[in-house]
Every structure is written in structure tokens, then in C-alpha cells.
Amino acid sequence: MTQALYRKYRPKQWDTVIGQDHVIQTLTNSIKADRVGHAYLFAGPRGTGKTTVARLLAKAVNCLNENPSLRPDNTCEHCKAVNENRYMDLIEIDAASNNGVDDVRDLRDKINFSPTQGKYKVYIVDEVHMMSGGAFNALLKTLEEPPPHAIFVLATTEIHKIPATVLSRCQRHEFRRVPIDEIVKNLKEIAATENIQADEEALTLIARQSAGGMRDAQSLLDQLSSTGTKITLALAQQVLGTATSQTVLDVIASVLDHQPAHGLETIHHALDSGADPRSLARQLVDYLRGLMLIQMGNAEQVEATRDVKTQMESHAKSFTTSDVLRMMKIFNNAATDLRGGWQPSLSLELALAEVIDAPVEVAQVTATPQPKPKPVSAPAAESKPEVKGEAQPVVESPAINSNDIVKAWKPLINALPKAQANLGALMNSVKMIDVQGKTLILGMASDVLVEKLNKPDQIETIQRLIKDHFHVDLSVRCVVTNAKGKLPTHVSQDGMVAAAIQHGGEIVDMDE
Ligand SMILES: Nc1ncnc2c1ncn2[C@@H]1O[C@H](COP(=O)(O)OP(=O)(O)OP(=O)(O)O)[C@@H](O)[C@H]1O
Ligand SMILES: [Mg+2]
Ligand SMILES: [Zn+2]
């Protein structure tokens with residue numbers, strides 16, 4: 001397996017860290033002046049460079065270069081060892097994992113020994129807010145009087161969970177979300193180096209969706225490039241589930257042409273072929289929001305393929321802004337209304353009627369038929385999957401063998417109606433499938449994708465597909481499988497990581 005892009009492009013030098021100049025400035029000044037602190041707290045959103053900068057600091061304080069302003073030089077023995085993950089005096093502890101407690105205990109025992117190679121032992125404690133009572137107290141003790149050869153870098157995404165006792169002992173640095181244009185620039189550079197063909201507008205969409213997290217942006221680029229085709233806006237939209245569907249365009253056209261019957265027909269057709277009324281309502285709201293942006297002169301903020309955008313521009317001219325606002329409100333209410341509704345399509349139909357301002361004949365509105373169950377092949381009764389190794393207790397035996405789901409996955413995706421191409425694309429992006437007890441675990445390559453997939457209507461659709469096909473009720477849980485080369489804490493704590501791997505789940509990137 002080739003190295004993940006976000007690992008390959010981890011900055012090795014201060015000046016390649018993007019968007020955190022305020023942090024870098026202070027740190028490099030203290031390196032030059034040979035006045036490094038003993039306890040740092042790096043706070044900020046995921047994937048913005050905390051661990052990266054902590055490692056740079058570890059390299060810099062131990063770099064053998066005689067000129068402090070050239071540290072780290074990436075050429076001396078120590079720098080090379082850090083870059084190759086084999087530097088003894090850089091100790092990374094993940095407070096979120098079960099090992100965190102032991103690691104800190106261990107740390108307390110060993111802290112007084114001098115560094116083996118360099119001048120400083122650097123401890124990076126990740127997700128420090130997750131640390132449990134005992135470990136935490138141990139850490140506090142060491143922070144009170146750190147030996148002169150120790151440097152602590154505590155990292156957290158949730159600064160508000162850090163107690164004042166810790167805050168007061170640390171030099172604090174806040175990491176910011178990386179601005180979109182900086183992310184786009186970085187993605188462009190990576191694409192050029194890696195020979196990845198990508199349209200700028202697609203990279204912009206990726207950057208937007210990543211909400212300032214550089215790792216997410218890089219791993220989305222990675223994932224999209226793995227399709228082997230040029231990364232166009234349309235492709236990116238499909239994978240990210242942000243495409244405007246033909247249904248939306250047709251519904252809006254029916255409003256414009258005052259054709260309630262056609263509008264209703266369009267909606268019914270979409271729902272009959274499996275579209276979810278809530279997400280359809282939301283898509284309508286999104287589209288209308290786009291029209292509003294265009295009307296207000298912010299067309300560049302609208303992400304759409306050229307065709308859709310042309311269509312939008314003409315729609316934007318045909319409606320007044322107050323029309324658009326009114327429609328947004330109505331469809332938005334429908335989207336909310338639909339949540340507990342007894343008749344899922346009704347709110348949408350009423351909304352359309354209200355928008356078109358024509359009476360709707362509710363009596364004739366037939367209940368939306370549930371999509372028919374696909375022909376079912378009963379799952380072969382499989383023996384319980386073997387679980388090798390004794391490290392992790394496995395809680396429940398699975399209701400169904402995950403291999404069966406892995407095998408059925410592509411056909412299930414292919415059986416999705418066209419209207420659910422977005423869901424199909426997302427399901428195609430699933431990197432790991434496992435079943436634990438009655439839970440289907442789906443691993444995605446990034447937070448963004450997990451968030452995209454983890455929508456109630458889509459989860460329901462997947463549950464229904466599984467139920468129709470295998471006759472089992474599974475709940476669905478979406479997790480990130482490779483954002484740090486490991487599964488997130490809430491998963492690892494109950495022993496699912498090991499189980500997921502043992503069951504043949506493909507973990508994309510576990511080399512850290
Ligand atoms: N500011 C940045 N400049 C350049 N690349 C970055 C930056 N932040 C993150 N990256 C990219 O994302 C990857 C992950 O970053 P890093 O591990 O430093 O994030 P983090 O803030 O520690 O995230 P987490 O909170 O999840 O631990 C890096 O290897 C690098 O490729
Ligand atoms: Mg980190
Ligand atoms: Zn060096």
C-alpha cells in the first residue's frame with residue numbers, strides 16, 4: 001500500500017507549515033534564543049498541524065546543527081531519526097487509547113532518566129482532554145516539576161475540557177483552521193507533484209468541505225485520485241454528496257412554469273425510486289440558497305457544475321429574491337416537518353403546492369410505496385468468525401458474517417435507484433466493513449466522508465438494504481479508519497479495532 005498523501009506531505013520544516021504563522025513565529029524565536037519551555041499546550045481543530053509542529057519542535061530542540069536558526073536541519077542524525085520515526089527521545093502518547101494510562105505511569109517511572117540520544121526527551125501527549133483520572137494526576141505531578149531535560153507538548157481538539165490546573169502550567173498555542181485558498185494552493189502543489197489531474201473548482205470544493213482541516217483535504221484528494229480518473233467538480237460532488245439532482249431542477253422548473261401536476265409527479269417519481277423525502281427537501285433548500293447567492297452577486301460561492309450553474313443563473317433571473325426566500329422557508333419547514341411525519345411524502349407535496357400556490361388534492365395523494373425488497377438470497381449459515389489473538393475482548397458474536405456484506409456491497413450499491421447516486425458514491429467510498437454484534441461498522445477515509453454518510457435518511461436506507469437482503473436488523477456506525485492511521489477512541493475502547501481488523505476489514509492505512 002502506498003503511503004497516504006497526508007503522511008507523505010507532513011511538513012518537515014517550519015516554513016512549510018501552512019496557516020499557523022503566529023505559532024511558528026513564537027516557537028522559532030524561542031529556539032533561536034535557546035529558551036524553550038517545558039510544557040506546551042497545542043489546541044485547535046483536527047488536522048491543522050498540532051502533531052506536525054510538536055514533531056518539528058522535538059527535532060529542533062535536539063538538532064545537532066550548530067546554528068540554532070537552522071534547526072531542524074533534517075540532515076543530522078537526530079533529525080533523520082525523528083523523520084524516520086525511530087528517535088528514542090520522542091515519545092508519543094495517545095491519551096485517548098487504553099494504553100494512555102499505562103504510558104503515563106510508565107512515563108512517571110522513566111521521566112527522571114536522561115535522554116538516550118539528544119538533549120531533550122520530548123513527550124507528545126495527544127488528545128490530552130481524554131486522559132482519565134489516574135493518568136491525569138500522574139501527568140499533573142510531572143508537569144509541576146518537570147526535569148530540565150523533559151519537554152511536554154500536550155495536544156487537544158477540545159481546549160474547554162482542559163482543567164485550569166493544566167492550563168496554568170503550559171505555554172498555550174492556538175492552531176487555526178487553514179484558510180480555503182491556502183488549502184487549495186497546497187492541494188494544487190500536491191496534485192502537480194503526484195501527477196494527479198484535478199480541476200481547480202473540484203479542489204475548491206474539497207477545501208470547503210474540509211472546513212479548514214488540512215489532513216481531511218489531503219485525504220479527500222487522495223481518495224478522489226484513487227479513482228484513477230481526472231478529478232472533476234462533478235466527480236468530487238458525487239463522492240461528497242453535494243451534486244444537484246435532476247429532480248431538484250425539475251421541481252424548480254415546475255414551480256416556474258406553474259405546473260403543479262408535473263412537480264408532484266417528479267417528486268413521486270423520485271420517492272418511488274427510493275429517494276428520501278427529507279434529503280430531497282434539503283436539496284431543494286440548498287439549491288434555492290444557491291439562487292439567492294447568485295441574486296445577491298455572490299455567484300462564485302456557489303458550487304455547481306457548469307451546466308447546473310447555467311441553469312441556476314437563469315432560474316435566479318426568473319424569481320425575485322423574496323420568491324426565493326419564501327420557497328426556502330416553505331421547503332425548509334417541510335424538511336423539518338418530515339422528521340416524525342406519518343406520511344413521509346405529504347409535507348413535501350404540501351410544500352410544493354404552497355410554493356406553486358395551487359390547491360393540492362390531498363385525497364388523491366397515495367401513500368408512497370416502500371421500495372420493493374430486492375430478491376433475497378438467504379445468507380449461508382456461517383460459523384462464527386474466528387478471532388485471533390487475545391488482546392481484545394470481543395463483546396458479541398456478530399449477527400451476520402461481515403464477509404457476506406463485503407461480498408454483497410457492490411451489488412447493493414448497484415441496486416440503488418438513480419436518484420440515490422450520491423449515497424451510492426458514498427457507499428463506494430467505504431474502506432472497511434465489519435459487523436460487531438448487531439452493529440454494522442463502516443469505515444471511511446476522513447471525517448468529512450463520515451459526516452456525509454452519517455445522515456439519518458442514508459443510514460436508514462443502508463439498514464433497509466441490509467434488511468431486505470439478509471433479513472437482519474443491524475444498526476450502522478460510521479467511523480474514520482485512517483485519519484491518524486487508527487480508529488477513533490470510542491471504537492478502540494470497546495475492543496472493536498482489533499476485531500475489525502481480524503475480521504478482514506481492510507484498514508486503508510495503519511502504518512503509524
Ligand atoms: N498547518 C498545516 N500545514 C501543512 N500541512 C498540514 C497542516 N496541518 C495538517 N497538515 C497535514 O495534515 C496531516 C496531519 O496533521 P497533524 O497530524 O499535524 O494534525 P493534528 O492537528 O495533530 O490533528 P489531530 O487533532 O487529529 O491530531 C499532516 O501530515 C499534513 O500532511
Ligand atoms: Mg495530532
Ligand atoms: Zn538536525
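Which residues are the closest to ligand 1, and how many residues surround the ligand? In this predicted model, ligand 1 is surrounded by 24 residues, and the closest of them are R10, G49, T51, T52 and R215.

**The chain and the ligand shell**

The chain has 512 residues, of which 43% are buried, and its secondary structure consists of 23 helices and eight strands. Among the contacts with a separation of 6 or more, 75% are made by residues 24 or more positions apart.

The shell around ligand 1 is made up, by class, of nine polar, eight nonpolar and seven charged residues. Helices α1, α3 (50-62) and α10 each contribute at least two residues to this shell. Because domain 1 (20-174) and domain 2 (180-240) both give residues to the shell, ligand 1 lies between them.

**Helix α8**

Helix α8 comprises the 15 residues 180-194, which at 1.5 Å a residue should span 21 Å; the C-alpha atoms at its ends are 21 Å apart, in agreement with that expectation. Its buried residues are I183, N186, L187, I190 and A191. Seen down the helix axis, these buried residues fall within an arc of 135 degrees, and therefore they line one face of α8. The face turned away from the buried side carries the exposed residues D181, E189, A192 and T193. The helix is followed by N195, a residue whose phi is positive, near 60 degrees.

The elements against which the buried residues of α8 pack are listed here with their residue ranges.

| Packing partner of α8 | Residues |
|---|---|
| α1 | 5-8 |
| α9 | 200-209 |
| α10 | 214-225 |

Two of these partners, α1 and α10, are also among the helices that each supply at least two residues of the shell around ligand 1.

When its neighbours within four places in sequence are left aside, A191 is in contact with I196, A198 and L221.

Conventions
Residues numbered from 1 in each chain as written. Chains lettered and ligands numbered in written order. Predicted model: local features only at pLDDT ≥ 70, side-chain atom pairs only at ≥ 80, totals over all residues. Helix = DSSP H or I, 4+ residues; strand = E, 2+ residues; numbered from the N terminus. Expected span 1.5 Å × (residues − 1). Buried ≥ 20, exposed ≤ 12 C-beta atoms within 10 Å, placed from the backbone. Arc of directions from axis to C-beta. Contact = placed C-beta atoms within 7 Å. Near = placed C-beta within 6 Å. Nonpolar A, V, L, I, M, F, W, Y, C, P; charged D, E, K, R; others polar. Domains from an automatic or database assignment.
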